[in-house]
Amino acid sequence: MPRFRTRPSIPAFALYGEASAAQPDMLHIEPIQVRSKLYRWEIEAHTHQGLHQILWVAAGPAEIALDESRERCTGPVAVIIPPGVVHAFRFSRDTDGHVLTFNPRAVIEGDVPATGEALRDLFAAPQILHLEPQAVATGRIGALFVDLADEFAAADSAASPVPHWLGRSIVWRLAQQSARQSQGARRGSGHADLFTRFIVLVEARHRHHWSVARYADELGMTPERLNRLTRAETGQSALDIIHARLAREACRRLTYIAAPVSKLAFELGFKDPAYFCRFFKRHTGASPRDYRRAMGVGDGAA
């Protein structure tokens with residue numbers, strides 16, 4: 001399993017290693033080699049707040065960390081990274097591909113609702129899409145990345161709508177690929193939109209330890225109706241989803257942040273570190289210390 005270094009905190013960037021803030025309509029693409037070569041082929045753990053990112057590995061090896069999951073793979077693969085997800089990469093000199101980073105405003109087209117739906121579905125969760133090297137769809141996706149990189153590098157790119165069109169096309173094609181691989185059909189838009197609002201709220205408030213009733217009130221519904229909604233969409237109760245998000249955040253911090261367990265517990269909204277340890281073991285099957293050891297994080301961070 002790939003191992004990545006822990007740090008005192010997880011940095012957030014618009015583009016890795018750069019302090020500049022993201023623009024509202026930001027769309028940026030560059031070859032993998034350009035930035036990774038500066039950092040000896042290793043991009044350490046970081047996040048992008050409010051930005052979506054797609055790593056396109058056309059060929060060659062890559063080691064990928066998405067939150068607490070790790071994977072070694074060989075292109076062609078597309079790595080889908082929603083905003084706020086901790087990610088890290090290791091490449092080789094032979095790895096070829098592109099990194100596309102964008103604000104959703106850059107690819108959503110107001111009069112084409114399907115574009116927004118494709119973006120929502122593709123970035124519903126971090127994922128690694130493995131593509132067949134000889135498939136027609138893979139060739140189309142790879143060609144779109146190459147075309148977008150060429151258009152982005154053109155002298156008139158700032159005034160041209162073409163990079164945005166190509167960015168939308170990439171999102172659309174990858175959303176189709178993701179749907180085929182998951183073989184999942186979208187549910188009715190009304191329920192799906194309400195469930196999406198709940199997930200967004202959990203993302204923002206999971207460290208505040210809100211009750212199910214508080215979430216339901218914010219959504220203008222009863223706790224009973226919220227539970228019916230979540231069970232229909234996922235088979236889980238609302239509390240299961242809330243606790244799963246909190247446990248996932250705990251896994252993320254234990255993996256990437258070199259701080260005592262007690263400090264991380266307080267940062268996650270737990271008043272009692274012992275209760276946090278019990279909560280964590282109940283949801284993961286391991287104590288925080290054992291989890292860190294299994295993830296290759298030294299005891300000095302525990």
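The notes below go through the strands and then the helices. Keep in mind that this is a predicted model.

- Let us begin with a sheet: four strands form an open sheet in the order 2-7-4-5, and their pairing is antiparallel.
- Strand 2 (42–46) and strand 5 (69–74) sit at the edges, where each pairs on one side only.
- If you ignore direction, neighbouring strands in this sheet are turned by 15° against each other on average.
- Within the sheet, strand 4 (residues 61–66) pairs with strand 5 over six bridges, in the antiparallel sense.
- You can look for one of these pairs yourself: L66 has S69 of strand 5 as its bridge partner.

**Strand 3 and its partners**

- Is strand 3 largely enclosed or open? Six of its eight residues are buried, so strand 3 is largely enclosed by the rest of the structure.
- One partner is strand 8 (residues 96–102), which runs antiparallel to strand 3 and is joined to it by seven bridges. To find an example, pick A59 and look for its bridge partner in strand 8, D96.
- Another partner is strand 6 (residues 77–81), also antiparallel to strand 3, with five bridges between them. Here Q53 stands opposite I81.
- H52 belongs to strand 3, which covers residues 52–59. Why does H52 count as buried? Its relative accessibility is 10%, and the cut-off for buried is under 20%, so H52 counts as buried.
- Leaving aside residues up to four places away in sequence, H52 touches I81, P83, L100, T101, F102, P104, L119 and F123.

**Helix 4**

- Helix 4 spans residues 162–182, which makes 21 residues. From its first C-alpha to its last, helix 4 reaches 30 Å, close to the 30 Å expected at 1.5 Å a residue.
- Which residues of helix 4 are buried? They are P163, L166, G167, R168, I170, V171, L174, A175, Q177 and S178.
- As you look at that list, a general rule is handy: an α-helix has 3.6 residues a turn, so residues three or four places apart point the same way.

**Helices that pack together**

- A helix pair is described by two things: the angle between the axes and the distance between them.
- Helix 8 (residues 238–256) and helix 10 (residues 273–284) pack at an angle of about 105°, and their axes are 10 Å apart. That angle makes helix 8 roughly perpendicular to helix 10.
- On the side of helix 8, the contact is made by H243, L246, A247, A250, C251 and L254, while helix 10 brings F276, F279, F280, H283 and T284.
- Sorted by type, the residues of this contact between helix 8 and helix 10 are eight nonpolar, three polar and no charged.
- Helix 7 and helix 8 cross at roughly 70°, with axes that come within 8 Å. These two helices are therefore roughly perpendicular to each other.
- Where do they meet? L226, N227, T230 and T234 in helix 7 meet A238, L239 and I241 in helix 8. The residues of this contact divide into four nonpolar, three polar and no charged.

**A closer look at L229**

- L229 lies in helix 7, which covers residues 223–234. With a relative accessibility of 7%, L229 counts as buried.
- How far apart are the C-alpha atoms of L229 and D156? They are separated by 48 Å, and the two residues are 73 residues apart along the chain.

Terms used. Residues numbered from 1 in each chain as written. Predicted model: local features only at pLDDT ≥ 70, side-chain atom pairs only at ≥ 80, totals over all residues. Heavy atoms only, no water. Expected span 1.5 Å × (residues − 1). Buried < 20%, exposed > 50% of the residue type's maximum accessible area, 1.4 Å probe, protein only. Contact = heavy atoms within 4.5 Å. Pairing = 2+ DSSP bridges. Axes fitted to C-alpha atoms, helices over the stretch in contact; angles between N-to-C directions. Parallel < 35°, antiparallel > 145°, perpendicular 65-115°, else oblique. Nonpolar A, V, L, I, M, F, W, Y, C, P; charged D, E, K, R; others polar.
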